[in-house]
Amino acid sequence: MRKKLRRSLKIALRVFTVLILIFTVVVIFYSYKGYQMYQDAVKNTPVSETVSTIREREHFIKYEELPPIYIDAVISAEDKRFFSHPGIDPLAIGRAVLTDITTLSFKEGGSTITQQIAKNELFTQEKKMERKFAEIFAAFALERDYSKKEIFELYVNTIYFGSGYYGIYDAAKGYFGKEPSKLTDYEAVMLAGIPNAPSNYSPDASMELARKRMSLVLKKMENCDRITEEQAERILNHK
């Protein structure tokens, strides 16, 4: 019995070692391809040039012009460790990889706010493994050269909010007829939830789904200790 157990353990150890080796080779291969993709992208348009182009857009909104509750809502919903990670979030990536493996899909990306900027502004939306690695190199470059506040500005000024609105200014004006700084808590939290799936959560598409998404964002804010349960209820009910 013990011999069989030892034999089984040896076989399992060998299989595990082979899997680790395969995983290492795959990571090295796609890291190389991703770095090449990143180099090709910044050769055509350097990161600094991309940032300058975004900042030159009409109605570019600075970090200080955003309602604090909007900032808290976005970070809680999209990237809760935004102010502490170096551009990528290993915990989120690990969770995403586990989900992808168990569901045999490529739905979870574990992307940070910084990676999303890289994906949207430097690369295509095609789901390729090397593009994920390219995002990581671009994210590190952004984090090296720009502050967290500057990166957050780039994000909220470029993301899609549905109904043809790109950027927080157009979304605030389009949905609520006011500048971002004038948004109520209810409006700010609702806008924070839309970019996750604009075609579903846009108030123009479905106010019911927009409020459901908003409720989820508020719950995440509670979990991140950004608001209390009482504050969440007040915001959801326009009080």
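Predicted model: local features only at pLDDT ≥ 70, side-chain atom pairs only at ≥ 80, totals over all residues.
1. Let's start at S215, which is partly exposed, with a relative accessible area of 33%. Here, buried means under 20% relative accessible area, exposed means over 50%, and partly exposed lies in between (1.4 Å probe, protein chains only). S215 sits in helix α11, residues 207-223.

2. Residues are numbered from 1 along each chain as its sequence is written, and side-chain values use heavy atoms, with hydrogens and water left out.

3. What is the chain built from, helices or strands? The chain has twelve helices and zero strands, so the definition matters: helices (H or I, at least four residues) and strands (E, at least two) are DSSP runs, numbered from the N terminus. Written out along the sequence, the pattern is α-α-α-α-α-α-α-α-α-α-α-α.

4. The chain has 239 residues, and 43% of them count as buried. Contact means heavy atoms within 4.5 Å; among contacts between residues at least 6 apart in sequence, 61% join residues at least 24 apart. The accessible surface comes to about 13,900 Å², with 56% of that belonging to carbon and sulfur atoms. Accessible areas come from the Shrake-Rupley method with a 1.4 Å probe, and for residues only the protein chains shown count as cover.

5. Which residues does F152 contact, leaving aside neighbours within four places in sequence? The partners are Y63, L66, I71, V74, I75, F82 and I113.

6. I113 leads on to helix α5, which covers residues 113-122 and is mostly covered, with eight of its ten residues buried. The buried ones are I113, T114, Q115, Q116, I117, A118, K119 and L122.

7. S202 is found in the loop between α10 (198-201) and α11. Is S202 buried or exposed? S202 is buried, with a relative accessible area of 2%. Its side chain joins that of Y175 through a polar contact of 2.9 Å. A polar contact is a pair of N or O atoms within 3.5 Å; within protein, one must be able to donate a hydrogen and the other to accept it, and residues adjacent in sequence count only if both atoms are side-chain atoms. Not counting residues up to four places away in sequence, S202 touches F161, S163, Y175, I194 and A210.

8. On to charged pairs. A search of the whole structure finds 15 salt bridges, each a side-chain nitrogen of Lys or Arg within 4 Å of a carboxyl oxygen of Asp or Glu. One of them joins R55 and E150, whose closest N and O atoms are 3.2 Å apart. This pair links distant parts of the chain, 95 residues apart: R55 is in helix α2 (residues 47-55) and E150 is in helix α7 (residues 148-156). R55 is partly exposed at 33% relative accessible area, and E150 is partly exposed at 27%.

9. E143 and K148 meet with an N to O distance of 3.0 Å; E143 counts as buried at 16% relative accessibility, and K148 is buried at 15%. R144 and D145 also form a salt bridge, at 3.0 Å from N to O. In that pair, R144 counts as exposed at 61%, whereas D145 counts as partly exposed at 43%. Elsewhere, R131, K132 and E135 are linked in a network of salt bridges.

10. Finally, the surface. I11, V15, V18, L19, I22 and V26 make a nonpolar surface patch of about 500 Å². Patches are made of residues with over 30% relative accessible area and no salt bridge: like charges are joined within 9 Å, nonpolar side chains (Val, Leu, Ile, Met, Phe, Trp, Tyr) within 5 Å. V18 belongs to helix α1, residues 2-44, and is partly exposed, with a relative accessible area of 43%.
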